[in-house]
Amino acid sequence: MAVPKRKMPRSNTRHRRAQWTAVTLQLVTVTVDGAAYRVPQRLAKPYERGLLHPEG
């Protein structure tokens, strides 16, 4: 793990942390057994292949 050589001021730490934002999931429409579901794009193929079952 990286260890800083010098102490970082609290103000700098908080300003850096404030810039971080979560990324919203990109949802796509998948049809499973005749019903349309909105699922994350990275899980679209497993739903189409029947590896995952949508809740609902």
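# Notebook: core, hairpin and overall form

I began with the largest nonpolar core, which has 5 residues: Val 30, Val 32, Val 39, Ala 44 and Tyr 47. I noted that a nonpolar core is a set of buried Ala, Val, Leu, Ile, Met, Phe, Trp, Tyr and Cys residues joined through side-chain atoms within 4.5 Å. For burial I used these limits: buried is under 20% relative accessible area, exposed is over 50%, and partly exposed lies in between, with a 1.4 Å probe and protein chains only. I then recorded that β1 and α2 (44-49) each supply at least two residues of this core.

I also wrote down the basis of the values. The model is predicted, so to speak of local features requires pLDDT of at least 70 and side-chain atom pairs count only at pLDDT 80 or more, while totals for chains, interfaces and linings use all residues. Residues are numbered from 1 along each chain as its sequence is written, and side-chain values use heavy atoms, with hydrogens and water left out.

**Entry: the order of elements**

I counted 2 helices and 2 strands in the protein. Along the sequence I read the pattern α-β-β-α. Helices (H or I, at least four residues) and strands (E, at least two) are DSSP runs, numbered from the N terminus.

Why do I describe the protein as more spread out than a compact globule? Its radius of gyration is 21 Å, well over the 10 Å that the globule rule gives for 56 residues. This radius is taken over C-alpha atoms, and the rule is 2.2 Å times the number of residues to the power 0.38. I found that the C-alpha trace spans about 60 × 20 × 15 Å along its principal axes.

**Entry: burial, surface and contacts**

I noted that 12% of the 56 residues count as buried. The accessible surface comes to about 5,700 Å², and 53% of this belongs to carbon and sulfur atoms. Accessible areas come from the Shrake-Rupley method with a 1.4 Å probe, and for residues only the protein chains shown count as cover.

I next looked up contacts, meaning heavy atoms within 4.5 Å. Among those between residues at least 6 apart in sequence, 0% join residues at least 24 apart.

**Entry: the hairpin**

I found that strand β1 (residues 27-32) and strand β2 (residues 35-40) pair in the antiparallel sense over 6 bridges. Two strands pair if DSSP finds at least two bridges between them. Which residue of β2 is the bridge partner of Val 32? I identified Ala 35. Val 30, in turn, stands opposite Tyr 37 in β2.

The hairpin has 2 residues between its strands. Asp 33 is found in this loop between β1 and β2. I recorded a positive phi of about 55° for Asp 33, although Asp 33 is not a glycine. Is Asp 33 buried or exposed? I found it exposed, with a relative accessible area of 80%.

I returned to Val 32, one of the core residues. Leaving aside its neighbours within four places in sequence, Val 32 is in contact with Tyr 37, Tyr 47 and Pro 54.

I then looked at Arg 49, which lies in helix α2. Arg 49 counts as exposed at 62% relative accessibility. Arg 49 and Val 32 are 17 residues apart in sequence, and their C-alpha atoms are 9.2 Å apart in space.

Glu 55 has its place in the segment after α2. I noted that Glu 55 is exposed, with a relative accessible area of 73%.

I located Arg 10 in helix α1 (residues 10-18). Arg 10 is exposed, with a relative accessible area of 62%. How far apart are the C-alpha atoms of Arg 10 and Lys 45? I found a separation of 45 Å, for residues 35 apart along the chain.

Lastly I looked up Thr 21, found in the loop between α1 and β1. Thr 21 is exposed, with a relative accessible area of 59%. Thr 21 and Met 1 are 20 residues apart in sequence, and their C-alpha atoms are 23 Å apart in space.
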